[in-house]
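This report covers charged side-chain pairs in one model. The sequence and structure come before the details.

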Amino acid sequence: MTRTTYIFMDFDGVTHPWGEVEDFRCLPLIEAVVREYEEARIVIASDWRMLFSLSKLVSRFAEDVRPRVAGVTPHVIPKHGAELHGLREREAMLWLGQHVPDVGEAAWCALDDAPGNWMSRSRLVLTDFKHGFTEEDAGALRRLLDSFRSGSPVPATSREPSFLRRA
């Protein structure tokens, strides 16, 4: 049996370009990748979790993917500006601590357009906020999910975001 893999997902800049209409135009591509990995579960790590109920957030997903949304990360209020760096990852680790027996062994990755939210860059699929999740990002997510499925360790070095290679 393959272990559960958690995808911590932002919305703005991922499911749709940031600053444009919030139409979730990129979500079908994310859902297509998730459908390929029965063990994949989505945890919403977007600021939207503070504005809308879980049921309202889940309703954005296709009906067959909705049962695979495992929840939302807790909201941590930083005491100092320096605590903003890596804040989403700390929230994700809190969520994992409440839901998995060994956080250190948990299979997880993140979809986000803000690299400062995550210290573990090797587990981050960094999207371009101007475009949202793309086919190139889908390939990066598949590679991460394949590595979890095979039991291979996540690469220790961060990969250059695909949108930085575009000219």
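## Asp47 and Arg88

Asp47 and Arg88 form a salt bridge, with their closest N and O atoms 3.2 Å apart; the term means a side-chain nitrogen of Lys or Arg within 4 Å of a carboxyl oxygen of Asp or Glu. Asp47 sits in the loop between β2 (40-44) and α2 (54-58) and Arg88 in helix α3 (residues 87-99), so the pair links parts 41 residues apart in sequence. Helices (H or I, at least four residues) and strands (E, at least two) are DSSP runs, numbered from the N terminus.

Arg88 is buried at 9% relative accessibility, while Asp47 is partly exposed at 42%. Buried means under 20% relative accessible area, exposed over 50%, and partly exposed in between (1.4 Å probe, protein chains only).

## Basis of the values

This is a predicted model, in which local features need pLDDT of at least 70 and side-chain atom pairs count only at pLDDT 80 or more, while totals for chains, interfaces and linings use all residues. Residues are numbered from 1 along each chain as its sequence is written, and side-chain values use heavy atoms, with hydrogens and water left out.

Arg49 forms a salt bridge with Glu91, the closest N and O atoms being 2.8 Å apart. Arg49 lies in the loop between β2 and α2 and Glu91 in helix α3, so this pair ties together parts 42 residues apart in sequence. Arg49 is buried at 10%, and Glu91 is buried at 2%. Through shared partners, salt bridges join Asp10, Asp47, Arg49, Arg88, Glu91 and Asp112 into one network.

## Arg25 and Asp23

Arg25 and Asp23 also meet in a salt bridge (3.0 Å, N to O). Arg25 is partly exposed at 40% relative accessibility, and Asp23 is partly exposed at 38%. The count of salt bridges comes to 10.
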